[in-house]
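Morning, everyone. Please have the model open on your screens. I will be brief.

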Amino acid sequence: MTRIFSGVKPTGHLTLGNYLGAIRGWAEVDQHRSDSVFCVVDLHALTVDHDPARVRRLSRQAATLLLASGIDPDRSVLFVQSHVDEHARLSYLLECVASDGEMRRMIQYKEKAPVEQARGGSVRLSLLTYPVLMAADILAYGADEVPVGDDQTQHVELTRDLAARFNQRYGQTFTLPRATRPEVAARVMDLQDPTSKMGKSHESGAGIVYLLDEPDVVRKKIMRAVTDSGSEVVYDRGTRPGVSNLLEILAACEGGNPEGLSGVYESYGALKRDTADAVVELLRPVRERHRELVRDSAYVEGVLRTGAERAREMSRPTVDAAYRAIGLLPPAPAPADVVPVNMAR
Ligand code: TYM
């Protein structure tokens with residue numbers, strides 16, 4: 001059976017981009033057709049200036065939202081990355097396979113490092129190396145597929161390269177994964193700046209729909225979305241980024257395609273109203289289920305505990321094999337584990 005691994009980083013409240021680009025597909029499709037592992041990748045949230053209490057809060061919220069979105073713990077493994085040591089163990093080995101030039105070419109590093117510098121801080125080394133940790137996340141589980149939005153494709157390609165290099169140097173150890181993406185809404189854009197991605201941690205939040213926004217807030221944000229000059233409602237990402245983004249969001253909500261909606265609307269206002277209604281209805285069950293789950297924190301904790309146990313069992317053999325392959329001396333078994341010679345037959 002195909003093994004799937006994917007994750008979400010608790011650096012901010014989860015957005016409509018996270019949902020349409022990744023989470024909805026995990027819940028509605030992926031977990032029903034594959035052996036799925038989903039992770040709240042909290043170690044990745046430490047790569048930029050962070051508030052420890054906020055990261056803890058957002059990690060719990062992200063896990064709760066994944067459950068609220070329909071991730072079923074009877075079908076999928078759901079856990080928090082820092083609860084399973086194998087990720088950090090493997091990451092170091094992969095750092096010994098990756099090159100610094102390769103890391104510096106990562107688009108997300110090139111985008112985020114100047115932002116951190118402009119904030120007056122230094123750039124954490126982990127911001128440079130985190131794609132290697134992401135590779136470790138994926139390779140530790142022998143994942144065949146990694147369902148992600150567009151922005152993560154380069155990281156999955158790096159993961160493939162590192163896996164292939166490791167296998168070639170030290171012997172077959174890792175499965176080579178490939179990225180999969182939704183047909184529609186693989187890159188949802190900011191409603192106020194449709195030339196940049198809708199990201200969790202944009203300064204103002206006016207162009208970002210958060211999964212837990214109240215319906216009237218969602219409506220307001222969509223009704224105020226920046227549109228383009230000209231009045232025709234056509235799908236063309238290059239010349240009509242604002243309208244195309246709305247068409248894409250609407251199509252994703254309705255299960256259609258944005259080209260098919262080209263020419264259907266006579267005004268931006270009508271398109272915005274329908275998009276707002278569709279998003280409100282799409283998110284309603286998620287918000288409702290989230291509200292219930294927040295009252296049952298023991299349930300969520302139990303899911304994460306069991307998830308971490310299963311994740312450890314799944315990842316340990318591959319990470320141990322990588323330790324052996326790369327040349328590390330296996331620890332001697334504890335004396336109690338040594339079977340006396342005359343009983344070994
Ligand atoms: P993160 O937390 O930024 O995003 C989680 C998932 O949501 C997708 N996504 C989007 N899709 C469409 N439009 C958007 N505007 C949008 N914004 C985010 C992302 O592509 C992603 O699929 N490095 C990863 C987390 C990670 C990971 C992993 C993912 C760590 N280890 C291993 C897969 C496998 C990240 O920062 O995702």
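I will go through the ligand site, then a pocket, then a cavity.

First, the ground rules. This is a predicted model, where local features need pLDDT of at least 70, side-chain atom pairs count only at pLDDT 80 or more, and totals for chains, interfaces and linings use all residues. Residues are numbered from 1 along each chain as its sequence is written, and side-chain values use heavy atoms, with hydrogens and water left out.

Start with the ligand. How many residues surround the ligand? The count is 27, and the closest are Asp137, Gly149, Asp151, Val188 and Lys200. A residue is near a molecule if one of its heavy atoms lies within 4 Å of it. Sort that shell by class: 13 nonpolar, eight polar and six charged residues. Here Ala, Val, Leu, Ile, Met, Phe, Trp, Tyr, Cys and Pro count as nonpolar, Asp, Glu, Lys and Arg as charged, and the others, Gly among them, as polar. Strand 1 (3-8), helix 1 (16-33) and helix 6 (125-139) each give at least two residues to the shell. Helices (H or I, at least four residues) and strands (E, at least two) are DSSP runs, numbered from the N terminus.

Now the atoms. A polar side-chain atom of Lys200 sits 2.6 Å from a ligand oxygen. A polar backbone atom of Val188 is 2.8 Å from a ligand nitrogen. For Gly17, a backbone N or O atom lies 3.1 Å from a nitrogen atom of the ligand. Taken alone, the ligand exposes 710 Å², and the protein buries 98% of that. Those areas come from the Shrake-Rupley method with a 1.4 Å probe.

Next, the second largest pocket. On a 1 Å grid over the protein atoms alone, a pocket is an open set of points with protein on both sides within 12 Å along at least five of seven lines, while a cavity is a set where a 1.4 Å probe fits but cannot get out; lining residues have an atom within 4 Å of a point. This pocket has 21 lining residues, with Gly25, Val29, Arg181, Pro182 and Glu183 nearest its centre. Helix 1 gives the largest share, 10 residues. Where does the pocket lie? Domain 1 (3-181 + 297-326) and domain 2 (215-293) both give residues to its lining, so it lies between them. Those bounds come from an automatic or database domain assignment.

Last, the largest cavity. Its lining is Asp213, Pro215, Val218, Val280, Leu283, Arg284 and Arg287. Helix 11 (268-294) supplies the largest share, four residues.

Terms used. Polar contact = N/O pair within 3.5 Å; in protein donor to acceptor, adjacent residues only side chain to side chain.
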